Amino acid sequence: MKVVVTGAAGQISYSLIPFLCENGIFKSNEKIDFSLVEIPSAMEKLSGFVKELEDSAYSNINSISVHDNINSAVEDADWCLLVGSIPRGIVLNGKEIKERADLLKINGGIFTEQGKAIGSKAKDSCKILVVGNPANTNALIGCTNANNPSQKWMAMTMLDALRAKAQVASKLQVHVDDIYRLAIFGNHSPTMFPDLENALLDGEIIYKKINDHDWVEHKFLPKIQQRGAEIIQSRGASSASSAARAACETVSSVENPTRSGDVFNAAILSDGSYGVAEGVFSGFPLTSDGMGNINIVRDFSLSEFAKSRIALTSNELVEERELVKDLL
Ligand code: NAD
Ligand code: LMR
């Protein structure tokens with residue numbers, strides 16, 4: 001199982017790679033050949049991390065190779081986890097990068113080259129998860145440049161879903177694992193729409209159980225939409241441990257069949273489902289059969305409130321696509 005991780009010397013990868021070595025993430029339990037990618041100036045730092053991985057003596061690692069070039073890294077890859085990119089919160093050319101969309105011009109270019117390399121060199125069955133922000137539109141750039149319809153491109157919305165489950169679990173005083181069918185629609189940005197109208201607890205709709213639209217609209221939604229910024233504010237750096245856990249959970253959700261009656265979350269290329277514009281990467285409720293087939297769950301019923309929020313986030317994705325049209 002060849003697993004490529006870009007941005008391998010960064011803070012997310014420092015947690016993500018050890019998580020991926022746990023049993024049960026990859027269905028096959030095949031040992032992992034890691035192919036770790038960094039920019040040339042970070043190769044020394046990466047070599048330090050590789051020494052730590054060696055010292056951890058993981059039984060699930062078969063080999064580790066390091067690359068400062070995406071082309072040599074992705075040959076025959078089964079999975080590519082595209083983390084490498086610049087996070088917001090940092091100051092660049094004297095200006096603080098405040099919104100994820102401000103990263104479009106900085107990070108977008110990375111995904112043209114990586115997309116081309118993955119499309120032509122990775123396996124046709126390769127699955128690709130884009131974590132680097134703005135993740136949805138970076139995935140669109142990568143997927144378009146890969147031009148290989150057999151491969152499965154996704155952008156990460158799992159972190160938003162885990163955050164939403166945690167808030168609901170705390171509100172209702174239940175365990176996160178008891179929450180089913182909680183979906184994130186749209187962009188991984190402040191317009192995302194976490195839906196509670198189809199989420200279930202003990203077979204009952206969570207929105208009805210909470211029975212407080214004001215809390216949903218004015219407390220819950222902004223909390224999830226702004227959680228990344230809240231963490232940057234407290235930590236002085238963007239989320240890393242939780243982002244790594246969410247990336248690992250996405251891999252595991254694709255590799256293993258979705259539990260009965262549930263969904264998992266990632267953004268995939270929209271076919272127009274739920275009124276989302278076609279041809280953008282949007283969060284949807286998904287299932288996996290654990291054999292490489294990922295499907296949108298189509299039986300969610302949406303209120304006018306939900307539809308208007310989904311339209312908002314879909315429009316934002318269309319605007320982002322317009323901004324990067326020279327890369328597509
Ligand atoms: P980081 O700065 O700690 O690490 C990023 C690493 O990427 C650095 O080591 C850098 O050298 C490397 N890099 C930059 N360009 C590269 C390239 N072309 N090829 C390979 N490596 C490259 O940042 P981080 O905290 O690990 O975050 C990484 C990205 O993930 C950011 O864009 C961040 O905003 C995003 N993120 C997304 C989510 C999500 O839910 N989708 C959550 C958290 C963070
Ligand atoms: C997050 O949601 O934590 C990440 O996308 C990082 C960020 O910039 O908010």
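In the predicted model, 28 residues surround ligand 1, a residue being counted as near a molecule if its C-beta atom, placed from the backbone, lies within 6 Å of it. The closest of these residues are Gly7, Gly10, Ile12, Gly84 and Ala243. By class, the shell around ligand 1 comprises 15 nonpolar, 11 polar and two charged residues, where Ala, Val, Leu, Ile, Met, Phe, Trp, Tyr, Cys and Pro count as nonpolar, Asp, Glu, Lys and Arg as charged, and the others, Gly among them, as polar. Because domain 1 (2-155) and domain 2 (158-327) both contribute residues to this shell, ligand 1 lies between them; the domain bounds come from an automatic or database domain assignment. Residues are numbered from 1 along each chain as its sequence is written, while chains are lettered from A and ligands numbered from 1 in the order in which they are written. As this is a predicted model, local features need pLDDT of at least 70 and side-chain atom pairs count only at pLDDT 80 or more, whereas totals for chains, interfaces and linings use all residues.

The C-alpha centres of the two domains are 22 Å apart, and 36 residues of domain 1 are in contact with 35 residues of domain 2, contact requiring C-beta atoms, placed from the backbone, within 7 Å. On the side of domain 1 that touches domain 2, the largest share, seven residues, comes from helix 5, and the residues of this side divide into 22 nonpolar, nine polar and five charged.

Helix 5 (residues 135-146) has 12 residues, which at 1.5 Å a residue should span 16 Å, and this agrees with the 16 Å between its end C-alpha atoms; the expected span is taken as 1.5 Å times one less than the number of residues. Of its 12 residues, 11 are buried, that is, with 20 or more other C-beta atoms within 10 Å of their own, against 12 or fewer for exposed residues and a number in between for partly exposed ones, with C-beta atoms placed from the backbone. Just after helix 5, Asn147 adopts a positive phi of about 50°.

The largest nonpolar core contains 88 residues, such a core being a set of buried Ala, Val, Leu, Ile, Met, Phe, Trp, Tyr and Cys residues joined through C-beta atoms within 7 Å. Helix 10 (residues 241-255) gives the largest share of this core, seven residues, and at least three residues are drawn from each of domain 1 and domain 2. Met156 is among the residues with the most contacts inside the core; beyond four places in sequence, Met156 touches residues including Leu129, Val131, Ala135, His188, Ala247 and Ala266.

Gly89 is placed in the loop between strand 4 and strand 5 (91-92) and is partly exposed, with 17 other C-beta atoms within 10 Å. Not counting residues up to four places away in sequence, Gly89 touches Ile97, Ile232, Ala237 and Ser238.

Notes. Helix = DSSP H or I, 4+ residues; strand = E, 2+ residues; numbered from the N terminus. Contact = placed C-beta atoms within 7 Å.
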